[in-house]
Amino acid sequence: MLLLRCPLLLLLLLLPLGSRPQKLPTRDEELFQMQIRDKAFFHDSSVIPDGAEISSYLFRDTPKRYFFVVEEDNTPLAVTVTPCDAPLEWKLSVQELPEEASGEGSGDPEPLEQQKQQITNEEGTELFSYKGNDVEYFVSSSSPSGLYQLDLLSTEKDTHFKVYATTTPESDQPYPELPYDPRIDVTSLGRTTVTLAWKPSPTASLLRQPIQYCIVINKEHNFKSLCAVEAKLSSDDAFMMAPKPGLDFSPFDFAHFGFPADNNSGKERGFLKSSKFGRQTSPKPRVDLHRVCIGNKNIFTVSDLKPDTQYYFDMFAVNTNTNMSTAYVGTFARTKEEAKQKTIELKDGKVTDVFIKRKGAKFLRFAPVSSHQKVTFSVHSCLDAVQIQVRRDGKLLLSQSVEGVRQFQLRGKAKAKYLIRLKGSKKGASMLKILATTRPNKQSFPSLPEDTRIKAFDKLRTCSSVTVAWLGTQERNKFCIYKREVDDNYNEEQKKREQNQCLGPDTRKKSEKVLCKYFHSQNIQKAVTTETIRGLQPGKSYLLDVYVIGHGGHSVRYQSKLVKTRKFC
């Protein structure tokens with residue numbers, strides 16, 4: 001008698017169980033296959049068929065017993081039990097058959113149910129027992145005749161499991177064979193990728209059976225079977241509709257509590273649509289676990305991982321003919337850390353240009369040389385909004401999204417050092433200008449009103465002019481207005497693509513300049529200016545831009561305005 005371990009198949013083969021005694025080992029293969037196809041033929045869920053894997057369910061602390069008969073001595077026997085999502089206690093034992101049930105003499109053998117009633121009160125001989133969540137494999141090359149009992153118990157929680165038994169283990173071979181080295185090798189490791197390689201299953205390379213490999217990736221632990229993976233992946237926590245103990249249910253009714261079933265089973269048994277006897281539980285969020293089947297390749301690169309994160313990798317060889325699987329020895333690996341960013345040093349009162357890749361980040365450092373009461377950070381985002389975080393000596397002081405020009409004034413501290421983190425947009429690359437200073441009067445960026453739109457007066461439009469207005473501030477600044485003729489099909493999307501607010505009037509053609517002027521108002525409510533732009537062509541579209549230029553020479557562009565002159569006057 002030989003005892004082995006072997007990982008088993010996840011995909012559930014909900015096979016029927018016979019009411020007739022199992023003719024082991026003299027199995028009528030034609031009859032057996034007919035019985036498998038005819039699900040109505042089977043109703044005794046406590047009988048294990050020869051050479052077929054069954055799936056079943058255990059309630060916590062509620063034992064379950066299975067039976068099968070071996071009628072001849074010196075019969076090979078293999079029994080495999082696969083726990084899916086909880087440890088199991090199971091025991092295999094055998095009792096002698098009554099003489100009238102041996103199959104010798106006149107008359108047919110008694111039904112298995114009668115055999116069980118005659119001898120189940122007797123203590124059988126224990127052949128093997130196990131407690132744990134490993135896939136366990138009992139094999140004997142010469143087993144005695146008798147009634148075999150498989151007792152199972154789950155003390156941790158309700159769970160499901162698989163059982164496979166056969167009297168022809170040499171010829172059946174339903175599970176893919178593992179290579180002599182069943183380990184998964186990590187051949188390459190990056191910040192977001194891990195490349196795995198493994199040796200092919202001899203079932204594919206030597207026996208030429210169809211094998212595909214399935215990889216499972218998660219952050220918690222390795223899995224010992226695909227059955228355990230499926231239980232973890234179940235969105236309704238595996239068993240939202242499990243039947244209550246004591247109810248008479250067939251192994252084909254497993255669609256009630258989350259087990260995969262073929263599409264016809266529900267049609268054949270009408271009560272599968274009902275859940276009136278089911279236990280309702282609140283669904284739990286899906287776990288961070290991914291499964292991908294890659295065919296017969298034996299090298300694969302897992303991508304889109306997070307840097308500096310530990311992942312667990314499991315590989316399962318699946319025989320596509322039998323839908324049974326075997327697990328390789330799982331492995332784990334930690335992705336590399338993000339490359340350390342070079343920190344940009346900011347100088348007091350000097351504007352620094354910063355470019356950030358899409359979804360990227362930049363780190364800046366500001367260390368004032370003198371004591372200070374306040375520190376001011378001015379940020380001009382040229383394109384889309386950027387995220388800014390400011391920490392002083394490790395303490396977070398500021399975390400904001402910046403679009404356009406923003407100014408932040410923070411309380412200072414003697415000998416303090418400031419770390420600024422800028423995070424770019426998800427849409428594309430980001431550009432910005434940033435200034436840090438401890439001198440409140442040292443402002444290179446011009447002050448802006450809250451509303452930087454340009455308003456056009458439709459009633460004042462003519463065939464050769466348009467009149468526009470925009471807001472100013474209490475600070476006296478220089479404003480320059482530019483115009484550019486555009487096609488009639490020019491739209492907001494094109495305008496948005498050109499909205500680099502950091503491009504100043506020095507990038508414009510001289511012919512596009514309309515005028516420059518200074519203005520401000522101490523009364524913020526009256527800080528409005530208007531301008532009529534003349535010399536335009538009838539029925540033409542123009543893009544108008546207003547630039548405000550600060551004392552340090554840096555400019556900020558208002559939101560562009562698309563206008564059109566009248567065609568007929």
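This is a predicted model: local features need pLDDT of at least 70, side-chain atom pairs count only at pLDDT 80 or more; totals for chains, interfaces and linings use all residues.

A residue is called exposed when its relative accessible area is over 50%, buried when it is under 20%, and partly exposed in between. At 74% relative accessibility, C569 therefore counts as exposed.

**First stop: an open sheet**

Select β3, β8, β5 and β6. These 4 strands make up an open sheet, arranged in the order β3-β8-β5-β6, with antiparallel pairing. The edges are taken by β3 (64–70) and β6 (125–132); each has a single partner strand, so one side of each is left without a neighbour in the sheet. From one strand to the next, the twist averages 15°.

Which residue of β8 is the bridge partner of F67? It is Q149.

**Second stop: the disulfides**

Select the cysteines and display their side chains. A disulfide is a covalent bond between the sulfur atoms of two cysteines. How many disulfides does a search of the whole structure find? The search returns 5. When the bonded cysteines of the protein are numbered in sequence order, the pairing reads 1-3, 2-4, 5-8, 6-10, 7-9. Three of these links are visited below.

**C84 and C227**

Select C84 and C227, which are joined by a disulfide with an S to S distance of 1.5 Å. C84 lies in the loop between β4 (75–83) and β5 (88–95), whereas C227 belongs to helix α5 (residues 226–233), so the pair ties together parts that are 143 residues apart in sequence. The torsion about the S-S bond of C84 and C227 is about 75°, and the disulfide is therefore right-handed. Both C84 and C227 are buried.

**C214 and C293**

Next, select C214 and C293, where the S to S distance of the disulfide is 2.0 Å. This link is right-handed, with 95° about the S-S bond. Distant parts of the chain are connected here: C214 is in strand β12 (residues 211–218) and C293 in strand β13 (residues 289–293), 79 residues apart. Is C214 buried or exposed? C214 is buried, with a relative accessible area of 4%. C293, at 38% relative accessibility, counts as partly exposed.

**C463 and C569**

Finally, select C463 and C569, which form a disulfide with their sulfur atoms 1.7 Å apart. The torsion about their S-S bond is about 115°, so this disulfide is right-handed. C463 is located in the loop between β25 (455–456) and β26 (466–471), and C569 in the segment after β32 (561–564); the pair links distant parts of the chain, 106 residues apart. C463 counts as buried, at 13% relative accessibility, whereas C569 counts as exposed, at 74%.

Methods: Residues are numbered from 1 along each chain as its sequence is written. Side-chain values use heavy atoms; hydrogens and water are left out. Two strands pair if DSSP finds at least two bridges between them. Helices (H or I, at least four residues) and strands (E, at least two) are DSSP runs, numbered from the N terminus. Axes are lines fitted to C-alpha atoms, for helices over the stretch in contact, and angles run from 0 to 180 degrees between N-to-C directions. A disulfide is a pair of cysteine sulfur atoms within 2.5 Å. Buried means under 20% relative accessible area, exposed over 50%, partly exposed in between (1.4 Å probe, protein chains only).
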